[in-house]
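Please look through the sequence and the model below before reading on.

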Amino acid sequence: MQELICATSSVSFNSLPSSPFNHTFYDTTRFTFRFLKNKHIASFPCMRAQQSEATDGSAINIASDDSKVDALDIKESKVKNSQIDIAATQGIKIRRRPPTGPPLHHVGPFEFRLQNEGNTPRNILEEIVWNKDTEVAQMREKKPLGSLKKATDIAAPPRDFIGALKASYAKTGMPALIAEVKKASPSRGVLREDFDPVEIAKAYEKGGAACLSVLTDAKYFQGSFENLVAIRNAGVKCPLLCKEFIVDAWQLYYARAKGADAVLLIAAILQDLDIKYMTKICKMIGLTVLVEVHDENEMDRVLEIDGIQLIGINNRNLETFEVDISNTKKLLEGERGEKIRQKGIIVVGESGLFTPADVAYVQEAGVKAILVGESLVKQEDPTKGIALLFGKDISA
C-alpha cells in the first residue's frame, strides 16, 4: 500500500504584462509528490515554468524537465533570497509569503508540515497578505488576464478621483472626504450589523463625500467586489476606491473591470519597484493610485518614486493596529512636507478621525483629504454622521 509522505506547493507573485523595468517577477507553480512503497522513495516533480525579465523588458519562459530540476531549484532559491534582501534594504518587515511554505498537518496517511517560525504570520498584516497571495492565485486560474483585459476595454470610463477631491476642497475649504463602505475590521469586528452597502454609499454621497472607498476583502473585512459593482450600478456618482490588499498586478485589472476608479497600494508590503510598475499599469488602464504609508521610511521611499499624486498617511500601525493621529503631523513636518508641496502631492489622512477637532488637527498639518470609515458607518444615519464629523453640513 502506498503512503503519501508529503505534498508541497508554492505560488509566488506574478507580474502580468511585461515589466518596463530591468526587474524579475515570477510565475512559478510547483508540485512535488513523494511516495513510500516498500521503503523506496520516488520523487515526481511536475513540469514548471519560470518567467523572468530580460534587460529589454521582454519575457523569457524557461520550461524545465527532470534533468533541470536541480538547476531551477538553485535559481529559484537565489531569486527568493534576492527579493528578501531587497525588502530588507527598503525596511519592509512584512514577508510576502511563508518562507518555508504553508504549515501542514497530519491527516490520515498524509504527513503535513507543522507550524514553525517560517510559516506562521508574525502579525495580522502578514497573515492578511499571505492569505491574499493564495486567494489571488486561485482567482487567476478562474479569470485569466486575457479575459480581464477585454473587460477593462469595455468598462465605463474611469471617473476623476483626484479631480473630485480637489473640487470638494475648493468648495468647502475643508479636507475632501473619502467615505469608506466597510462592514468589519480585524481589530473592531463587525461595525454595522444592518449593513447595506448601496444605502450607505448613497447616504455618504448625500452628506457631501467627494469619493468613496469600498472594502473588497472578504475574509478579514467582510467586504466583496460584489459590493463595489452594486454601488457603481446603483447610480452613485462619486469615484470609487477599491480598498484591497494588492499583492499582484492582476488585481489592478480585476479592480478596473469591476468598476473601480482608484486602488490602494500599501508601501509596507510592496517594494519600490513593485509600486513603480503597478503605478504605470494603473495609468495605462485609467486607475488613480493612492499609496499608503505609515512611517518616515515608507514616506521617504514613496517620495522618491516619480508620478505619485496621492499619498495616504495611515495613523494606524497595520502590524499592531494601534492608532495615533499625531503620526500625520510628524510625517508632514520639515523637509518631507516641503517636498510634498513642491511635488503637488495631495495627502490623505487615514484612521483615528472621529471629531471636528481631529479633522482640524490633520488639516493644519497639511492634509487636504481624509479617509474615514468606522466613525461614519457606525452612525444610524451616515449622512448626519458626516456633518457631525466636520462640525457642519458640507453637502451644500
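A polar contact is a pair of N or O atoms within 3.5 Å, where, within protein, one atom must be able to donate a hydrogen and the other to accept it, and where residues adjacent in sequence count only if both atoms are side-chain atoms. By that criterion, the side chain of Asp274 makes a polar contact with the side chain of Arg96, at 3.4 Å. The model is predicted, so local features need pLDDT of at least 70 and side-chain atom pairs count only at pLDDT 80 or more, whereas totals for chains, interfaces and linings use all residues. Residues are numbered from 1 along each chain as its sequence is written, and side-chain values use heavy atoms, with hydrogens and water left out.

Asp274 is found in helix H8; helices (H or I, at least four residues) and strands (E, at least two) are DSSP runs numbered from the N terminus. Is Asp274 buried or exposed? With a relative accessible area of 4%, Asp274 is buried, a term that means under 20% relative accessible area, with exposed meaning over 50% and partly exposed the range in between (1.4 Å probe, protein chains only).

A pocket is defined on a 1 Å grid over the protein atoms alone, as an open set of points where a 1.4 Å probe fits, with protein on both sides within 12 Å along at least five of seven lines, and its lining residues have an atom within 4 Å of a point. The second largest pocket has a volume of about 370 Å³, and of the 17 residues that line this pocket, the closest to its centre are Thr279, Lys280, Lys283, Asp306 and Gly307. A volume here is the space filled by probe spheres set on the points, which are joined across faces, edges and corners. The largest share of the lining, five residues, comes from H8.

Helix H7 (residues 250-257) is mostly covered, with seven of its eight residues buried, namely Trp250, Gln251, Leu252, Tyr253, Tyr254, Ala255 and Arg256. The elements that cover these buried residues include helix H2 (124-142), helix H3 (145-154), helix H6 (225-233), strand S10 (240-243), S11 and H8, where contact means heavy atoms within 4.5 Å. Just after H7, Gly259 takes a positive phi of about 105°.

Strand S11 (residues 262-266) holds Ala262, which is buried at a relative accessible area of 1%. Leaving aside neighbours within four places in sequence, Ala262 is in contact with Phe161, Leu240, Leu241, Cys242, Leu287 and Thr288. Ala262 and Asp160 are 102 residues apart in sequence, yet 9.0 Å apart in space, C-alpha to C-alpha.

Two loop residues other than glycine also deserve a look. Gln222, in the loop between strand S9 (211-215) and H6, has a positive phi near 55° and is partly exposed, with a relative accessible area of 38%. Ser351, in the loop between strand S14 (346-350) and helix H12 (356-365), has a positive phi of about 75° and counts as buried at 15% relative accessibility.

For the protein as a whole, the secondary structure comes to 14 helices and 15 strands, and buried residues make up 51% of the 396 residues. Among contacts with a separation of 6 or more, 66% are between residues 24 or more positions apart.
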